[in-house]
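This report covers a helix pair and its salt bridges. Please look at the model before reading on.

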Amino acid sequence: MRELLAGLLLLPGLALAAEAPPAERQAELLYLLRQDCGSCHGMTLRGGLGPPLLPETLADRDADTLAEIIRGGVPGTPMPPWGFEITGEEARWLARRLKEGVQP
Ligand code: HEC
């Protein structure tokens, strides 16, 4: 009975986990978003050297496109490629947070 209950409690968590990095990694990514991305895009993501990363400014691009920009950078601009430390899944997760309006 105990195992069954534990299993039922875990199910919704598993469904969410499939589309998102583990909680600790999420915290690291949000820290990176504030410290590293924030140095160009602004601590509140409202822009600086880099453009704002707000839901309204990202609305016309889907999360996959934004994830490719995050991993590949924008050649010829200061936007560096992050593929060496952010996986595709992590980049898509970050892109979805940005489109929702995350406050890192
Ligand atoms: C050294 C400065 C710098 C850093 C650090 C940086 N960016 Fe950028 N980023 C830019 C610039 C400049 C652009 C605009 C490039 C262009 O002209 O298309 C940009 C563009 C983008 C775009 C596309 C936005 C749009 O509206 O086209 C996304 C998404 C993005 N950055 C996410 C990130 C994320 C996430 C990080 C951290 C992992 C990050 N950036 C770190 C400078 C930076």
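By about how many helical turns are Arg25 and Glu28 separated in helix α2? The two are three residues apart in that helix, so about one helical turn separates them. Helices are DSSP runs of H or I, at least four residues, numbered from the N terminus.

The model is predicted: local features need pLDDT of at least 70, side-chain atom pairs count only at pLDDT 80 or more, and totals for chains, interfaces and linings use all residues. Residues are numbered from 1 along each chain as its sequence is written, and side-chain values use heavy atoms, with hydrogens and water left out.

**Salt bridges**

The structure holds four salt bridges (a side-chain nitrogen of Lys or Arg within 4 Å of a carboxyl oxygen of Asp or Glu). Among them are these:

| Pair | N to O distance |
|---|---|
| Arg25 and Glu28 | 2.8 Å |
| Arg25 and Glu90 | 2.8 Å |
| Arg61 and Asp60 | 3.2 Å |

Arg25, Glu28 and Glu90 form a salt-bridge network. Arg25 lies in α2 and Glu90 in α5, so their pair ties together parts 65 residues apart in sequence.

Glu90 is buried at 9%. Glu28 is partly exposed at 45%. Arg61 is partly exposed at 30%, and Asp60 is exposed at 65%.

**Helix packing**

Helix α2 (residues 23–41) packs on helix α5 (residues 88–100) at about 65°, with axes 11 Å apart. Contact (heavy atoms within 4.5 Å) involves residues including Arg25 and Leu29 of α2 and Glu90 and Trp93 of α5.

Definitions and conventions. Axes are lines fitted to C-alpha atoms, for helices over the stretch in contact, and angles run from 0 to 180 degrees between N-to-C directions. Buried means under 20% relative accessible area, exposed over 50%, partly exposed in between (1.4 Å probe, protein chains only).
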